Amino acid sequence: MLSLVATRKYEQRLRATAAEETRRRILDAVYERLRAAPAERISVDRVARMAGVARSTVYLVFGSRAGLFDALGDDLLRRAAYERLLAAVAHPDARETLRAGFRAGVDMFAEDRDVVRTLHSMAALDEEAVGGAIRRIEEERTRGMARLARRLGEQGALRPDVTVDDAAHVLWLLTSFDAFDQLYAGRGLSAEETTRLLVEAAERSLCR
């Protein structure tokens, strides 16, 4: 009986591993396609062929084309710099959250700049799938900047002439992909230089 239970658990682990590997191959195929043909609409058929799976498997794993892009957006957020972003949010000093959060955000954008640029460009043309994924990412960023602005206000870090609402608007602007990309790609600055300028802009305009 124990042997049977152990065998079943082993088989379950194998199935879970295989499912995760399939999911990873599909997402990697989307990344590859976005980099190779940024001007073309992403085809589920093409992604499935590149990942070596059936078209139906893509829908089985992600539920829909929109679900595929939601998963891609989530995967983008949870890459290398994400743990540092979480640590920044948890820091008790709101100004340190601002500095470390900006740094992690810039690094996240820089790591996959071409993919993020393509997704933002495609969002208006593919509103249901890509647009929905970008909108949900932006909604989360908006909430995050509102929380940071409130914390800065509660800790007395804001200038007397800056309201919490105004601080949230400025933080939202400076943490946007467009703000990052204007400096990083438009001006040819490094991620470190981009971070420094964005942090300085935020602190000089908002903080005591």
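**Helix packing, pocket and loop**

V106, F109 and A110 in α6 meet F177, F180 and Y184 in α10, where contact means heavy atoms within 4.5 Å. This is a predicted model, in which local features need pLDDT of at least 70, side-chain atom pairs count only at pLDDT 80 or more, and totals for chains, interfaces and linings use all residues. Residues are numbered from 1 along each chain as its sequence is written, and side-chain values use heavy atoms, with hydrogens and water left out.

- The residues of the contact of α6 with α10 comprise six nonpolar, no polar and no charged.
- Helix α6 (residues 94-111) and helix α10 (residues 177-186) pack at an angle of about 70°, their axes lying 10 Å apart.
- That makes α6 roughly perpendicular to α10 (65 to 115 degrees).

**Largest pocket**
- The volume of the largest pocket is about 990 Å³, and among its 40 lining residues L77, L85, M108, E140 and R141 lie nearest its centre.
- Lining residues have an atom within 4 Å of a point on a 1 Å grid, a pocket being an open set of points where a 1.4 Å probe fits, with protein on both sides within 12 Å along at least five of seven lines.
- α8 gives the most to the lining of the largest pocket, with 12 residues.
- By class, this lining has 23 nonpolar, eight polar and nine charged residues.

**Loop residue D126**
- D126 sits in the loop between α7 and α8, and D126 is buried, with a relative accessible area of 8% (buried means under 20%, with a 1.4 Å probe and protein chains only).
- Not counting residues up to four places away in sequence, D126 touches R41, R65 and G131.

Definitions and conventions
Axes fitted to C-alpha atoms, helices over the stretch in contact; angles between N-to-C directions. Helix = DSSP H or I, 4+ residues; strand = E, 2+ residues; numbered from the N terminus. Parallel < 35°, antiparallel > 145°, perpendicular 65-115°, else oblique. Nonpolar A, V, L, I, M, F, W, Y, C, P; charged D, E, K, R; others polar. Points joined across faces, edges and corners; volume = space filled by probe spheres on them. Buried < 20%, exposed > 50% of the residue type's maximum accessible area, 1.4 Å probe, protein only.
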